[in-house]
Amino acid sequence: MKEKETILEQLADFTAGIDCGSLPENVKRKIVLCMMDALECCLSGNAGDPRLEAVWEYVKRREGNASAYARGKKLRCGDAVFYNTVAGAISSRNDISKSGSCHAGSVVVPVVLALAEVEGSSGEKVMEAVLAGYETMIRLGIALRASAMPKAFRSTAVLAPFGAAFAAAKLLGLSKEQTVSAASFACHSAGGLNNWVSEGTGEDVLQNGWGARNGVEAALLAATGLPAAKSALEDQDGFLAAFSAAEQRERITERLGEAWHI
């Protein structure tokens with residue numbers, strides 16, 4: 001008897017099967033709209049915000065092949081992802097999934113565009129990767145939203161590495177096993193607290209950036225063939241248990257490939 005696949009394996013099969021040519025037209029239109037929205041947020045004149053300027057000082061000396069939006073300079077891919085994600089999050093106009101309680105576009109789009117620039121990817125591959133990131137990030141968010149996750153955690157921060165890892169894995173064309181490892185690695189960096197609200201210090205935008213970059217690094221590490229736990233979500237000591245969401249595991253794969261959450 002074939003062993004039942006883990007949630008990560010099911011999601012990896014699903015994202016591998018995303019093909020731009022067979023997607024419903026309304027889904028493809030929504031991908032484009034979400035990308036336009038995320039880019040507008042990144043380019044909306046946030047220069048001068050002390051958080052963004054601090055990030056720029058931090059990343060600007062490490063040159064690479066991925067563009068830092070509106071700065072006229074190319075950075076290492078992870079640094080470009082971090083900078084662009086923070087720039088977009090500062091706008092506070094990012095799209096939101098109410099069912100998944102997260103801002104998927106602010107994380108997924110900068111990840112995919114930076115990697116696509118480095119890899120020379122086609123527009124179709126970009127759209128497929130964006131959809132892979134949205135769907136996985138929102139689906140896990142649905143499970144968390146229905147759970148007893150402590151209110152101290154910020155949902156987008158917790159979910160960001162996960163969606164970023166799946167998006168990056170799809171764009172890079174990773175195998176099923178590598179994609180599972182990427183998402184599993186990403187689970188280890190899930191986190192982000194809401195206490196910034198009390199002091200008004202605004203670390204929420206940095207959380208998006210850290211999560212996006214961590215997801216990219218997880219995918220690049222997985223691309224080497226290094227394995228990771230396939231049961232990182234549902235294991236008794238895994239992600240869902242850590243965030244009091246074990247009883248909501250079925251929500252993650254419900255109508256997978258039929259219902260599009262983007």
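Mentor: Take A70: at 70% relative accessibility, A70 counts as exposed. Some ground rules first. This is a predicted model, in which local features need pLDDT of at least 70 and side-chain atom pairs count only at pLDDT 80 or more, while totals for chains, interfaces and linings use all residues. Residues are numbered from 1 along each chain as its sequence is written, and side-chain values use heavy atoms, with hydrogens and water left out.

Trainee: What makes A70 count as exposed?

Mentor: Exposed means over 50% relative accessible area, buried means under 20%, and partly exposed lies in between (1.4 Å probe, protein chains only). A70 has 70% relative accessibility, so A70 is exposed. A70 sits in the loop between β1 (63-68) and β2 (73-75). Its phi is positive, about 65°, although A70 is not a glycine.

Trainee: How do you know where a helix or a strand begins and ends?

Mentor: Both are DSSP runs, numbered from the N terminus: helices are H or I with at least four residues, and strands are E with at least two.

Trainee: Why is S101 called partly exposed?

Mentor: S101 has 31% relative accessibility, and therefore counts as partly exposed. S101 is in the loop between α4 and α5. Phi of S101 is near 50°, a positive value in a residue other than glycine.

Trainee: Is N94 buried or exposed, and how do you know?

Mentor: N94 has a relative accessible area of 14%, so N94 is buried. N94 is also found in the loop between α4 and α5. Leaving aside residues up to four places away in sequence, N94 touches D37, C41, G88, A89, H103 and S106. Contact here means heavy atoms within 4.5 Å.

Trainee: What makes G21 exposed?

Mentor: Its relative accessible area is 67%, so G21 is exposed. G21 lies in the loop between α1 (7-16) and α2 (25-42). G21 and E124 are 103 residues apart along the chain, and their C-alpha atoms are separated by 8.2 Å.

Trainee: Why does A259 count as buried?

Mentor: A259 has 18% relative accessibility, and so counts as buried. A259 is found in the segment after α12 (250-253). Not counting residues up to four places away in sequence, A259 touches E135 and R139.

Trainee: Turning to helices, how do you know that the length of α4 agrees with its residue count?

Mentor: The expected span of a helix is 1.5 Å times one less than its number of residues. The 14 residues of α4 should therefore span 20 Å, and its end C-alpha atoms are 20 Å apart, which agrees. The 19 residues of α10 should span 27 Å, and the end C-alpha atoms of α10 are 27 Å apart, so that agrees as well. Helix α5 (residues 104-119) has 16 residues and reaches 22 Å, close to the 22 Å expected.

Trainee: Why is α5 described as largely enclosed by the rest of the structure?

Mentor: Because 13 of the 16 residues of α5 are buried. α4 is mostly covered, with 14 of its 14 residues buried. α10 is mostly covered too, with 14 of its 19 residues buried. After α5 comes G120, whose phi is positive, near 70°.

Trainee: Why are α4 and α10 called roughly antiparallel?

Mentor: Axes are lines fitted to C-alpha atoms, for helices over the stretch in contact, and angles run from 0 to 180 degrees between N-to-C directions. Angles under 35 degrees count as roughly parallel, over 145 as roughly antiparallel, 65 to 115 as roughly perpendicular, and the rest as oblique. The axes of α4 (residues 77-90) and α10 (residues 204-222) come within 8 Å and cross at roughly 150°. α4 and α10 are therefore roughly antiparallel. By class, their contact has ten nonpolar, four polar and three charged residues.

Trainee: What makes a residue nonpolar, polar or charged?

Mentor: Ala, Val, Leu, Ile, Met, Phe, Trp, Tyr, Cys and Pro count as nonpolar, Asp, Glu, Lys and Arg as charged, and the others, Gly among them, as polar.
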